[in-house]
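Student: I have this one open on my screen and would like to go through it with you. Could we take it piece by piece?

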Amino acid sequence: MTDYNIGLIVGSISSTSINRRLARALTKLAPQADLHLTEIPIRDLPFYSADNDLAIPDQAAKFKHSIEEFDAIILVTPEYNRAVPGVLKNALDTASRPWGHNSFAGKPSAVIGMSIGAIGTAVAQQQLRNILSFLASPSLTQPEAYLQSREGLITDDGVVTDEKTTELLISWLNALHEHVTNSLVLVS
Ligand code: FNR
């Protein structure tokens, strides 16, 4: 199988983020699906403003360039107040502009997330899929992966301690590989 380089955006800047743990777990498991994950940081992005469209801030330009360089993008999202966290929405707004320079256009993507709530970021993930659809990014639709956090499920350094969760993540990564292959065929 072809290997793909995938950019990873984590929608939390919390130092104790459970979604960062999930991102580390995905990064460790990804080579089993011939994927190689590298984080694209969003912590230092300025708030998006149209005032800066003619002179894009360095961090924003670097961020946009990174997205464009990868074969696909994974968004690992928490759910804050039944919605996409502000830091992640800001990152997507930054990537989408200036008008005509949408870094997500045609870029395959996939959404996953973990919360302490039973529905495991389902609402935030669906919002993200709507946004990605508007950004013309073909997003993986199935399988969905809604993870509920529990003590010890994923260690700080990204080791998944439960076999079923490991299997779910590997099958999700395999589906992403197939999605990237199919999406890249469509645009080439
Ligand atoms: C939450 N949390 C939460 N959980 C959930 O399942 N649905 C929700 O709507 C919310 N809302 C919410 C709002 C805010 C402001 C915070 C800080 C938290 C709980 C959330 O799942 C938990 O804090 C996770 O640890 C957040 O993910 P990160 O930031 O640790 O990756």
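**A walk through the model**

Tutor: Let us begin with Thr121, which is buried, its relative accessible area being 0%. Please keep in mind throughout that this is a predicted model.

Student: Where is Thr121 found?

Tutor: Thr121 sits in the loop between strand 4 and helix 4.

Student: And what does Thr121 touch, not counting residues up to four places away in sequence?

Tutor: With those sequence neighbours set aside, Thr121 touches Thr77, Pro78, Glu79, Gly113, Met114, Ser115 and Tyr146.

Student: What about the phi of Thr121?

Tutor: The phi of Thr121 is near 70°, which is a positive value in a residue other than glycine. As background, most residues other than glycine have a negative phi, and most peptide bonds are trans.

Student: You mentioned Thr77 as a contact of Thr121. Is Thr77 buried or exposed?

Tutor: Thr77 counts as buried, at 0% relative accessibility, and it is found in the loop between strand 3 and helix 3. Leaving aside neighbours within four places in sequence, Thr77 is in contact with a list of residues that includes Asn19, Val111, Gly113 and Thr121, and also Ala124, Gln125 and Leu128.

Student: Let's move on to helix 4, then. How many residues has helix 4, and how far does it reach?

Tutor: Helix 4 covers residues 122-134, which is 13 residues, and from its first C-alpha to its last it reaches 19 Å, close to the 18 Å expected at 1.5 Å a residue.

Student: Which residues are buried in helix 4?

Tutor: The buried residues in helix 4 are Ala124, Gln125, Leu128, Arg129, Ile131 and Leu132. Looking down the axis of helix 4, these buried residues fall within an arc of 165°, so they line one face of the helix. An α-helix has 3.6 residues a turn, so residues three or four places apart point the same way.

Student: What does that buried side of helix 4 pack against, and what is on the face turned away from it?

Tutor: The buried residues of helix 4 pack against strand 3 (72-76), helix 3 (86-96), strand 4 (109-115) and strand 5 (146-148), while the face turned away from the buried side carries the exposed residues Asn130, Ser133 and Phe134.

Student: Can you give me a residue in helix 3 to look at?

Tutor: Leu92 is found in helix 3, and it is buried, with a relative accessible area of 1%. Not counting residues up to four places away in sequence, Leu92 touches Leu75, Phe104, Leu128, Ile131 and Leu135. The C-alpha atoms of Leu92 and Leu132 are separated by 8.6 Å, although these two residues are 40 residues apart along the chain.

Student: Now helix 2: which of its residues are buried?

Tutor: In helix 2, which runs over residues 58-69, the buried residues are Ala60, Phe63, Lys64 and Ile67. Down the axis of helix 2, they fall within an arc of 95°, so they line one face of the helix. What covers the buried residues of helix 2 includes strand 1 (4-10), strand 3 and helix 3, whereas the face turned away from the buried side carries the exposed residues Asp58, Lys62 and Glu69.

Student: Changing topic, which residues surround the ligand?

Tutor: The ligand is surrounded by Ser12, Ser17, Ile18, Asn19, Pro78, Glu79, Tyr80, Asn81, Arg82, Ser115, Ile116 and Gly117.

Student: And what are the distances from the side chains of Ser17, Asn19 and Ser115 to ligand oxygen atoms?

Tutor: A polar side-chain atom of Ser17 lies 2.6 Å from an oxygen atom of the ligand, an N or O atom in the side chain of Asn19 is 2.8 Å from a ligand oxygen, and for an N or O atom in the side chain of Ser115 the distance to a ligand oxygen is 3.1 Å. Taken alone, the ligand exposes 620 Å², and the protein buries 72% of that.

How values were computed: Residues numbered from 1 in each chain as written. Predicted model: local features only at pLDDT ≥ 70, side-chain atom pairs only at ≥ 80, totals over all residues. Heavy atoms only, no water. Helix = DSSP H or I, 4+ residues; strand = E, 2+ residues; numbered from the N terminus. Expected span 1.5 Å × (residues − 1). Buried < 20%, exposed > 50% of the residue type's maximum accessible area, 1.4 Å probe, protein only. Arc of directions from axis to C-beta. Contact = heavy atoms within 4.5 Å. Near = heavy atom within 4 Å. Polar contact = N/O pair within 3.5 Å; in protein donor to acceptor, adjacent residues only side chain to side chain. Areas by Shrake-Rupley, 256 points an atom, 1.4 Å probe, with all protein chains shown as cover.
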